[in-house]
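Here are some exercises to work through with the model open on your screen. Try each task before you read its solution.

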Amino acid sequence: MVCEQADVFASACALARAFPLFTHRSSASRRTEKKTVTVEFFLVGQDNGPVEVSTLQCLANATEGVRLAARIVDTPCSEMNTDTFLEEINKVGKELGIVPTIIRDEELKARGFGGIYGVGKAALHPPALAVLSHTPDGATQTIAWVGKGIVYDTGGLSIKGKTTMPGMKRDCGGAAAVLGAFRAAIMQGFKDNLHAVFCLAENSVGPNATRPDDIHLLYSGKTVEINNTDAEGRLVLADGVSYACKDLGADIILDVATLTGAQGIATGKYHAAVLTNSAEWEAACVKAGRKCGDLVHPLVYCPELHFSEFTSAVADMKNSVADRDNSPSSCAGLFIASHLGFDWPGVWVHLDIAAPVHAGERATGFGVALLLALFGRASEDPLLNLVSPLGCEVDVQEGDMGRDSKRRKLV
Ligand SMILES: [Zn+2]
């Protein structure tokens, strides 16, 4: 790879996507030896000295995170169900010396997680909320990354068609990205409190499945009339962000999800969509995307005009919009934010990665590089600092992101 220092991170992450781990081709299982790919970096332009050992370490962790996320997303639900996803979380926890908090099945119901429980209760493998927490001494803020982990989305009783269901193994792409990024971020030395929150469920069909018209009480305390069981991601994430706010005391809550098919219409196949209550963070996401290769473009954030799409006569809100021609990806994100409350003083960032989570038939591990870059300033690692939105002098001179707002400061 021949590139400039500033492009090393994005280039390495792009290369990682080209070598997926998951395959069930019979030819692969017959092969006993491991394939090794050697990548050399030749730096050109400014700072064209040898690549430092610390840089290589960071690239190794980042690319392992990308490939871990892609492997989880590529694995079909017959193998990557909620049990196996929890095993993946436990494995990462063990590597990092963190014991995950896991709330599961009937305990979810008992503790008021009506979103996650309601979506996952018809499946053979029960739903779960899992959390990996990193709380170092000297932390100055608390960040939560909340991932949508729908290990399979049939649509539920509002069932998908035979052409729209294939590929729904990828509906856990947000949670997979959070796991890959969390592992890499902690390994590279994360200075602030960081919680990875996984909302795991299989949206299945059975006698116990949620019906349209059912009303669920979510962890936020708000009631939701279900008018579309295929709009399930926002329900599990509403519980996830509420938990991050109420129980983890997060100041910055970022959720990442394969939330809406409409995201591909709004921002295309290559750019994730960002919806946020902070103009600074919106700009930071776009900038981080350009630096790491996981591209991002903003959606309209306007709860005062859009949230009425969810009006219900019998509950606090419905879970799906009245008019699908009214910025549906924005509205879907707003549903999540409404469970924090639109007057919540913290930073809320929502990333819809439905389209860029895959390229053709393969998962991309999208989101891992983006989270590492976006929160690069919270890292001790020089390369992650370099790719963060505030990462080089030129960027700092360009604007004053983060300086003018104490409450919503960038890490
Ligand atoms: Zn769905």
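A strand here is a DSSP run (E) of at least two residues, and strands are numbered from the N terminus. Keep in mind that the model is predicted.

**Exercise 1. Find the strand that holds Pro298, then list what Pro298 touches beyond its sequence neighbours.**

Step 1: Look up the strand. Pro298 belongs to S11, residues 296-298.

Step 2: Check the exposure. Buried means under 20% relative accessible area and exposed means over 50%. Pro298 has 25% relative accessibility, so it counts as partly exposed.

Step 3: Skip residues up to four places away in sequence, and you're left with contacts to Val274, Glu282 and Val286.

Step 4: Pick out the C-alpha atoms of Pro298 and Thr276. They are separated by 8.4 Å, although the two residues sit 22 apart along the chain.

**Exercise 2. Work out which protein atoms hold the zinc ion and how they are arranged.**

Step 1: Collect the donors. They are Asp153 (OD), Asp230 (O), Asp230 (OD) and Glu232 (OE), at 2.0 to 2.3 Å from the zinc ion. Notice that Asp230 is listed with both O and OD.

Step 2: Look at the angles. Four donors count as tetrahedral only if all angles lie between 85 and 135 degrees. The four donor atoms here subtend angles of 72 to 174 degrees, so the arrangement is irregular.

Step 3: Go back to the sequence, where the donor residues follow the spacing D-x76-D-x1-E. Asp153 lies in strand S5 (residues 142-153), while Asp230 is in the loop between S8 and helix H8 (233-246), so the pair, 77 residues apart, links distant parts of the chain.

Step 4: Compare accessibility. Asp153, at 2%, counts as buried, whereas Asp230, at 23%, counts as partly exposed.

**Exercise 3. Decide whether Ser329 is buried or exposed, and find a polar partner for its side chain.**

Step 1: Ser329 is part of helix H12, which covers residues 328-338.

Step 2: Its relative accessibility is 3%, so Ser329 counts as buried.

Step 3: Search for polar contacts. The Ser329 side chain makes one with the side chain of Thr260, at 2.8 Å.

Step 4: Besides Thr260, you'll get Ala262, Gln263, Leu299 and Asp352.

**Exercise 4. Explain why helix H1 is described as largely enclosed.**

Step 1: Count. Seven of the ten residues of H1 (residues 8-17) are buried, so the helix is largely enclosed by the rest of the structure.

Step 2: Name them: Val8, Phe9, Ala10, Ser11, Ala12, Cys13 and Ala16.

Step 3: Find the cover. Among the elements over these buried residues are strand S1 (2-4), strand S2 (42-44), helix H3 (53-74) and helix H10 (279-292).

**Exercise 5. Describe the largest nonpolar core and the surroundings of Phe198.**

Step 1: The core has 80 residues, and those touching the most other members are Phe9, Phe85, Trp145, Phe198, Leu351 and Phe375. Helix H7 (residues 173-187) gives the largest share, ten residues.

Step 2: Zoom in on Phe198. Leaving aside neighbours within four places in sequence, its contacts include Phe85, Ile89, Leu129, Leu132, Val178 and Leu179.

Step 3: Look for another core. A second, separate one has 46 residues, including Tyr219, Leu235, Ala238 and Leu248.

Technical notes
Residues numbered from 1 in each chain as written. Predicted model: local features only at pLDDT ≥ 70, side-chain atom pairs only at ≥ 80, totals over all residues. Heavy atoms only, no water. Core = buried A, V, L, I, M, F, W, Y, C linked by side-chain atoms within 4.5 Å. Buried < 20%, exposed > 50% of the residue type's maximum accessible area, 1.4 Å probe, protein only. Helix = DSSP H or I, 4+ residues; strand = E, 2+ residues; numbered from the N terminus. Contact = heavy atoms within 4.5 Å. Polar contact = N/O pair within 3.5 Å; in protein donor to acceptor, adjacent residues only side chain to side chain. Donors = N, O, S within 2.8 Å, 3.2 Å for Na, K, Ca; no water. Tetrahedral: all angles 85-135°; square planar, octahedral: opposite > 155°, others 65-115°.
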